[in-house]
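I opened this notebook to record what I looked up in the structure below.

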Amino acid sequence: MGDLFDYILEAEEKVLCKGGLTEADFLLFAQLAYLKYEGLVPSPKEHKRGITLRELSCHPGKKGLFRELWFASEHEKILDSVGDSSRFGAIRVCDYAKVMDRRREAQFSAITFVTGTGENCVAFCGTDETVTGWKEDVNMVFDKEVPCRELACAYLRQAAKHHPGKLYVVGHSKGGNLAFYSTLNAPEEIRQRIAGVYNFDGPGFRFPQHRERIRGGIMKKYVPPHSVVGIFYDSSKKCKVIESGAYGLMQHNAYTWKIRKGRLLPSAKKKCIHERYVHRFMRELEKSGEAAREKRIDKLFSVFSYAGSDSFWKIGEEWRHRIPLIIALWREGVFFCKNCEKMRK
């Protein structure tokens, strides 16, 4: 039993075409979707051959892949590991799409992995370090129309057009929700090609999305015992509860999840610990009404914008200056703070 790093070493000499892709492979693709591939991987419009993971791990500009990224050292270690691996090194990375639009409150990115064995994996990125991305997450949970969902549907249609053969769709956190949503709303001819959809601790849907209508139970969801994000509008009864080496909210970090022989290790706990409290919280927010809820959410996120950054990463780096400012802005109600401009300077 180990984690994702141990699995890559264990599977180093295993050929992809023998035995097919595993749960751990799909988790790996979901984690690699967080990297910032601008300038290194062609976009869907270019529709070029792309670059292999081995070439990417040796590229002189690879440090840019990890800029302002949560768990950057883990991401870099994982890329180095797959680059040296016989199993993963020849996988091509292509069709990198990214949208960041503060006005529309949209944060989206996706990538496609081409294995060379007739299997292609579309991976949607989870929430990045931006305030815009986190606000879009909250909007998504309450089923407000969010641009990332339409972008995900368009990306999946384009990936299916570019890459013939078997398709898999994966994502971690928000990316997992997008994997489910894009599959549920894909044309029937694309759904027939999809062999598996993997949601790793991503939120559910406010209104039923009829997962059951998809043939053969190909839609799978995984949550750790201390999941919070993954059980928003979902029940752990519909998920596979898996083991993590971390505690509390840190279990959302998929690098802490336990793996045995290519499979995520089932937890002895069959139900998520915080499920009752999360569902109670959701009911209370539902009672508050849409207008009041939106006003509260707008106030919360405007605090971060007025604090002078759209990046939680930068807020963390400059916490001595920004955290006191954020607290003051919140207490003053943001728009009524007489000293806001002076404090920002």
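This is a predicted model: local features need pLDDT of at least 70, side-chain atom pairs count only at pLDDT 80 or more; totals for chains, interfaces and linings use all residues.

I looked up the strand order and found an open sheet of eight strands, running β1-β2-β3-β4-β5-β6-β7-β8 with mixed pairing. The edge strands are β1 (51-52) and β8 (240-241), each of which pairs on one side only.

I then examined β2 (residues 92-101) and β3 (residues 106-114), which pair in the antiparallel sense over eight bridges. Within this pairing I located K98, whose bridge partner in β3 is S109.

**Helices on the sheet.** I recorded that helix α2 (residues 23-32) packs on the sheet and touches β3, β4 (119-124), β5 (166-172), β6 (194-200), β7 (219-223) and β8. The direction of α2 makes about 60 degrees with that of β5. Helix α7 (residues 174-184) also packs on the sheet, touching β3, β4, β5, β6 and β7. For α7, the angle with the direction of β5 is about 145 degrees.

**Burial of α7.** I checked how enclosed α7 is: eleven of its eleven residues are buried, so the helix is largely enclosed by the rest of the structure. Among the buried residues I list N177, F180 and Y181.

**A surface patch.** I found that W70, F71 and M250 form a nonpolar patch on the surface, with about 280 Å² of accessible area together. W70 lies in the loop between α3 (53-58) and α4 (72-83).

Note on methods. Residues are numbered from 1 along each chain as its sequence is written. Side-chain values use heavy atoms; hydrogens and water are left out. Two strands pair if DSSP finds at least two bridges between them. Helices (H or I, at least four residues) and strands (E, at least two) are DSSP runs, numbered from the N terminus. Contact means heavy atoms within 4.5 Å. Axes are lines fitted to C-alpha atoms, for helices over the stretch in contact, and angles run from 0 to 180 degrees between N-to-C directions. Patches are made of residues with over 30% relative accessible area and no salt bridge: like charges are joined within 9 Å, nonpolar side chains (Val, Leu, Ile, Met, Phe, Trp, Tyr) within 5 Å. Accessible areas come from the Shrake-Rupley method with a 1.4 Å probe; for residues, only the protein chains shown count as cover. A salt bridge is a side-chain nitrogen of Lys or Arg within 4 Å of a carboxyl oxygen of Asp or Glu. Buried means under 20% relative accessible area, exposed over 50%, partly exposed in between (1.4 Å probe, protein chains only).
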